[in-house]
Amino acid sequence: MKMTATMAMGLASILFLFAIIIGVMLAFARFGKDRNPPPVLVWWHGAFAILGFLILLFGAAFVGLPATANTGVVLLALAALGGLIMHFKYDRKRALIPVPMVWVHGVIALIGFLMILYAMLNIADTTQI
């Protein structure tokens, strides 16, 4: 079976949905509390997001994604950078993650995800398997 752009974006979207669900749990665990979220949730969130991102990179490099999806990949890369900063600058040093940083990370990631989803649902990929 040959990988198509729709398949790459669809699989990545499923993985990102899991990352989003866990990300919302992480955000609520941080908001209004004087502690960071549990590390196990942080690792699962990162694992799902990284897998989805790698599939999108593969799709962009070897299959070809629509321009909207490529823009979404760039936004997801920026969100990932923010996630790495939150983890290494704050969480690993046992410092509280700033709430505005959590919001910016989440909003950028969500916009990137929605661009991927939009591109996937509007692509003219009608090939048969």
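Me: Is Trp103 buried or exposed?

Reply: Exposed: in this predicted model, the relative accessibility of Trp103 is 52%.

Me: Which ring does Trp103 pair with, and how are the two arranged?

Reply: Trp103 pairs with Phe31. The ring centres are 5.3 Å apart and the planes are at 10°, so the pair is stacked.

Me: Where do the two residues sit in the chain?

Reply: Phe31 is in the loop between α1 and α2, and Trp103 is in helix α4, residues 99-122. They are 72 residues apart, and the pair links distant parts of the chain.

Me: And Phe31, what class is that in?

Reply: Phe31 counts as partly exposed, with a relative accessibility of 23%.

Me: How many aromatic pairs are there in the structure?

Reply: Five. One of them is Phe18 with Phe48, where the centres are 5.1 Å apart and the planes are at 25°, so this pair is stacked.

Me: What about accessibility for Phe18 and Phe48?

Reply: Phe18 is partly exposed at 43%, whereas Phe48 is buried at 18%.

Me: Which residues are in the cluster that ring pairs make?

Reply: Phe18, Trp44 and Phe48 are linked into a cluster by ring pairs. Trp44 is in helix α2 and is partly exposed, at 48% relative accessible area.

Me: How far is Trp44 from Trp103?

Reply: The C-alpha atoms of Trp44 and Trp103 are 19 Å apart in space, and the two residues are 59 apart in sequence.

Me: Switching to helix α1. What span should it have, and what does the model give?

Reply: Helix α1 covers residues 5-30, which is 26 residues. At 1.5 Å a residue it should span 38 Å, and the end C-alpha atoms are 36 Å apart, so the two values agree.

Me: What comes just after α1?

Reply: Gly32, which takes a positive phi of about 70°.

Me: Which residue other than glycine has a positive phi?

Reply: Arg94 has one, with phi near 60°. Most residues other than glycine have a negative phi. Arg94 is in the loop between α3 and α4 and is exposed, with a relative accessible area of 75%.

Me: Back to the loop between α1 and α2. Is Asn36 there buried or exposed?

Reply: Asn36 is in that loop and counts as buried, at 15% relative accessibility.

Me: What does the side chain of Asn36 reach?

Reply: The backbone oxygen of Ala95, at 2.8 Å. A polar atom of the Asn36 side chain also lies 3.0 Å from the backbone nitrogen of Ile97.

Me: Now the segment before α1. Where does the side chain of Thr4 have a polar atom facing a backbone nitrogen?

Reply: At Met7: the backbone nitrogen of Met7 lies 3.1 Å from a polar atom of the Thr4 side chain. Thr4 is in the segment before α1 and is buried, with a relative accessible area of 17%.

Me: And Ala8, buried or exposed?

Reply: Ala8 is in helix α1 and counts as buried, at 0% relative accessibility.

Me: What does Ala8 touch, not counting residues up to four places away?

Reply: Met3, Ile55, Leu56 and Gly59. For Ala8 and Ile55, which are 47 residues apart along the chain, the C-alpha atoms are separated by 6.1 Å.

Me: Last topic, pockets. What volume has the largest one?

Reply: About 1,100 Å³.

Me: Which residues lie nearest its centre, and how many line the pocket?

Reply: The largest pocket is lined by 37 residues, and Leu26, His45, Gly83, Met86 and His105 lie nearest the centre.

Me: Which helices supply the lining?

Reply: α1, α2, α3 (67-91) and α4 each supply at least two residues of the lining of the largest pocket.

Notes. Residues are numbered from 1 along each chain as its sequence is written. This is a predicted model: local features need pLDDT of at least 70, side-chain atom pairs count only at pLDDT 80 or more; totals for chains, interfaces and linings use all residues. Side-chain values use heavy atoms; hydrogens and water are left out. Helices (H or I, at least four residues) and strands (E, at least two) are DSSP runs, numbered from the N terminus. The expected span of a helix is 1.5 Å times one less than its number of residues. Rings of Phe, Tyr and Trp (its six-membered ring) pair if their centres lie within 6.5 Å; planes under 30 degrees apart count as stacked, over 60 as edge-to-face and the rest as tilted. Buried means under 20% relative accessible area, exposed over 50%, partly exposed in between (1.4 Å probe, protein chains only). A polar contact is a pair of N or O atoms within 3.5 Å; within protein, one must be able to donate a hydrogen and the other to accept it, and residues adjacent in sequence count only if both atoms are side-chain atoms. Contact means heavy atoms within 4.5 Å. On a 1 Å grid over the protein atoms alone, a cavity is a set of points where a 1.4 Å probe fits but cannot get out, and a pocket is an open set with protein on both sides within 12 Å along at least five of seven lines; lining residues have an atom within 4 Å of a point. Grid points are joined across faces, edges and corners, and a volume is the space filled by probe spheres set on the points.
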